[in-house]
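Please read the points below with the structure open beside them.

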Protein chains: 2
Amino acid sequence: MSWMGLSLIGAERGEPGGPTFTGWNPAEGVALEPRFHGARPQEVERACVLAEQAAPTLAALSSRQRAVFLEHIAEALLAAEADFLAVTPKETGLPPARIQGELGRAAGQFRQFARLLEEGSWVDARIDRALPERRPLPRADLRSLLRPVGPVAVFGASNFPLAFSVAGGDTASALAAGCPVVAKAHPAHPATSERAGLAIRAAVAACGLHEGVFSLLFDAGTEVGASLVRHPAIRAVGFTGSRGGGRALMALAAARPVPIPVFAEMGSINPIFLLPEALAARPQAMADALAASILQGAGQFCTSPGLLVAVEGLGYEAFRARLAEKLGAAAAAPMLSPAIAERFREGVSRLAARTDTRTCARGESKAALGAAALFEAEARVVLAESALTEEVFGSCAVLTVARDAAELVRVASRLEGQLTATVMMDAGDTALASELLPTLSDRVGRVLMNGVPTGVEVCPAMVHGGPFPASSDGRFTAVGTGAIRRFVRPVCFQDVPDALLPPELREANPLGLWRTVEGVLRRE
Amino acid sequence: MSWMGLSLIGAERGEPGGPTFTGWNPAEGVALEPRFHGARPQEVERACVLAEQAAPTLAALSSRQRAVFLEHIAEALLAAEADFLAVTPKETGLPPARIQGELGRAAGQFRQFARLLEEGSWVDARIDRALPERRPLPRADLRSLLRPVGPVAVFGASNFPLAFSVAGGDTASALAAGCPVVAKAHPAHPATSERAGLAIRAAVAACGLHEGVFSLLFDAGTEVGASLVRHPAIRAVGFTGSRGGGRALMALAAARPVPIPVFAEMGSINPIFLLPEALAARPQAMADALAASILQGAGQFCTSPGLLVAVEGLGYEAFRARLAEKLGAAAAAPMLSPAIAERFREGVSRLAARTDTRTCARGESKAALGAAALFEAEARVVLAESALTEEVFGSCAVLTVARDAAELVRVASRLEGQLTATVMMDAGDTALASELLPTLSDRVGRVLMNGVPTGVEVCPAMVHGGPFPASSDGRFTAVGTGAIRRFVRPVCFQDVPDALLPPELREANPLGLWRTVEGVLRRE
């Protein structure tokens, strides 16, 4: 495999001419080959027009036909393992084992959506039959199902070069929904992106689909992305990244003549609540588990814990000492890009410079390496200072000590929207846990007990998303089969003859779907 | 019943002090008693704070407890029929029979949501059990369900003083979801609004709920509404009205420190496609049906037809003549408010003044009376001039004649987002109808055949909403049980002990819900 460094515009390649850039090896501090060429405006236009042309053809496929397409993508990704192992660790500083795991996850996402489509009931078919005899007015025959919204712009994330990037969950759920994808590669892993894009393109060709079903655009800056979000053919946006980036895309999308939804997953501080009995019973085991979670992937997970809230008392000192020891002893790890490492160092320095915050552990971060840091502050400080609850992307956490359980609950009730919240509890903590649960349920997408938030299972029940600013729209998940809901809308057919209806809505239920008939779920 | 003209702030009344206004009898052109007092800023604040306090208490109720509350509202509304009949026709110019029908619809909406809640499966419970033996990593126990988003601001619509106003579908679906409501009364029917608000408040009291579950604010201007949308306690907005109004609320909501969704239903021109065989076979019957639809409620329906597209040929002249005759012969009808009548007259005058458009029928509109109007233009003009496809709220339609079927399809493909599109067809039109269907499905929320779009059934399969600008977010319906989806978001519980889980997610399925277990719908 040789990398061309050119965008994929449907079945063709972009041309040189735009601004160029290269990948970067954060572990070795060197630029990588080849040079990548940013998409030119006419290429952005061409990709969007092709996507618009492809949209009705992809929407016209049956769920089962689209499932075959998704299976092809999964296979094409897995077949490219050697290529990913050759370039992705270099581009990201992530170890090969992580890349292998992430590739399995990326392929698995496409397969999980394929199974959802094969079963078919995801279209939420609803049937209310005509009531010609009803008085005072008869009722028409009404049948609805979910249909794709149209072309989706997907922004690859830096922190999961496979599972949340070009061939990640946003692309998988958009294609599953029947929406063409125009992906914008993250400039931190362009060779990985090109290879993933080629895998999807090969599946498009193998299935004989319209070339506009998928395009991939390169750009080191923000212009290509902004043009994409503004393009009239684009109907929705998927993004994983910083709050600033997400908010900028939301503003662009809201200002369009025809506004479109942006699904921005912007990370959070994923608070951990250490309840008194659990803290007293197993301070060291919890410290070990949380240290591992904070250190995982150099802290570059959306779900990395950034705030730990405990109550003063038995076990607290032991917990703090052990956590500080573990984090302080960890070697500085390569971060995904020099810019991310730089922002991490700045965030850590800001916390270290505070007089109301004590540094418990702080290794030496240099160049593209990030060393873990732990700070401690009283809960009253955390309640008063929003700076202590802002995400520092990387292995950095603030440990907060509350005077009593009531203050711990108060910290919970003041949280911004979060992807996750975790409660460490023992049987004796049940009353306090019950009190915390509704508060946390109102502020987060996922509540965990006695686990760590890093590690986001891909399954129907997963919710990866939370109230703003964790996500732009907390009503949707970005991971799991529920993610397909972001890219569909219901359409109702009234008195349409059976032969003209989509098969999902025909009287005989030829696909054997679960359908809501007169308000009741049935499979007949 | 005597009307006080003061806002309902939880269990209390607002006080005089804000700007005042009165209702207006459009049929007689006189101001109505009493004087209504706009909510003062501290009352807006109080209503929002109460709603925030009420939110966790309403969310903590079971679906079945909320169903009882909704039934109480339905009963309280029906019990107020005499009061509505005393004031609503005067405030709106709508006939008593329409008010009775609308009251039944309003009460019926609460009852339909009550039945949805009683059954309970609407929470979309999903369960993926732990897989402790899985390799390389075990899977945690993951369970998710839908939960209310928090307080919702509801803007009453002018055109359905009961079914889309204070006690309308937005309020019903928000309360059903478990979200407190702060309603802003439409100033065109304040006495109706006060009475409806009192009915809801009585149900809140009868069920022993937190007073903040419902408040009602008066205002003749836009300040109270803008303050509501900006208030941090408000988590979503429901609105039915003009595109300008909806877009203004969307901009306010997007600019908040924490953006919130706005569900604005902004109307559309609801195109009717008259296919050749049907036109040739029954021009007069179709003209009669469409004239009745255009005239219904003085054209003040979101789904009123404003564009008719036919192909030149047999039946066209007869259809046009009959439609012009029917619309021209209709008496001018009182419109909902002087402002609406004024905008209608302006819209009709603008069309009449065009040199590329022919006036087929135009009665005399004066004061608050609107007389139906019909214009005719060639399809090439409609394709070139967006002014001909802009909604004129009232009984006003543009009849477009295409040279051939291809031109008719081209008109369809250029449409903005619409609530509905209707196809009039006979068996011989099937091929053309099949060609039209995907195009229409991409642009509208509801596709009808051989019917009229006015009349929006309240049922599970209904979709009342469509791509922008028909709605702010075409992924949701404003009518039917699906409307509850606007005001909920999923929350996932990971490894939470069974006793601490919401009953909907407990292993034993104590509520007997349909749940997605390991991806499969089950009721055990």
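1. A cavity is a set of grid points where a 1.4 Å probe fits but cannot get out. Its volume is the space filled by probe spheres set on those points. The model discussed here is predicted.

2. In that sense, the second largest cavity holds about 130 Å³ of space. It is lined by 19 residues, and those closest to its centre are Ile269(B), Gly306(B), Glu391(B), Val392(B) and Cys396(B). Strand S18 (residues 396–402) of chain B gives the most to this lining, with three residues. By class, the lining has eleven nonpolar, six polar and two charged residues.

3. How much space lies in the largest cavity? The volume is about 420 Å³. Its lining has 32 residues, and Phe476(A), Arg485(A), Asp124(B), Phe476(B) and Arg485(B) are the closest to the centre. Strands S6 and S21 of chain A and strands S6 and S21 of chain B each give two or more residues to the lining. Sixteen of the lining residues are nonpolar, six are polar and ten are charged.

4. The whole structure has seven cavities of 30 Å³ or more.

5. Now the sheet. An open sheet of twelve strands, with mixed pairing, runs from S15(A) to S23(B). Those two are its edge strands, each pairing on one side only. From one strand to the next, the twist averages 20°.

6. Within the sheet, S17 and S18 of chain A pair in the parallel sense over six bridges. Phe375(A) has Val398(A) as its bridge partner in S18(A). Helix H11 (residues 316–329) of chain A packs on the sheet, and its direction makes about 155° with that of S17(A).

Notes:
Residues numbered from 1 in each chain as written. Chains lettered and ligands numbered in written order. Predicted model: local features only at pLDDT ≥ 70, side-chain atom pairs only at ≥ 80, totals over all residues. Heavy atoms only, no water. Pairing = 2+ DSSP bridges. Helix = DSSP H or I, 4+ residues; strand = E, 2+ residues; numbered from the N terminus. Axes fitted to C-alpha atoms, helices over the stretch in contact; angles between N-to-C directions. Contact = heavy atoms within 4.5 Å. 1 Å grid on protein atoms, 1.4 Å probe; cavity = no way out; pocket = protein on both sides within 12 Å on 5 of 7 lines; lining within 4 Å. Nonpolar A, V, L, I, M, F, W, Y, C, P; charged D, E, K, R; others polar.
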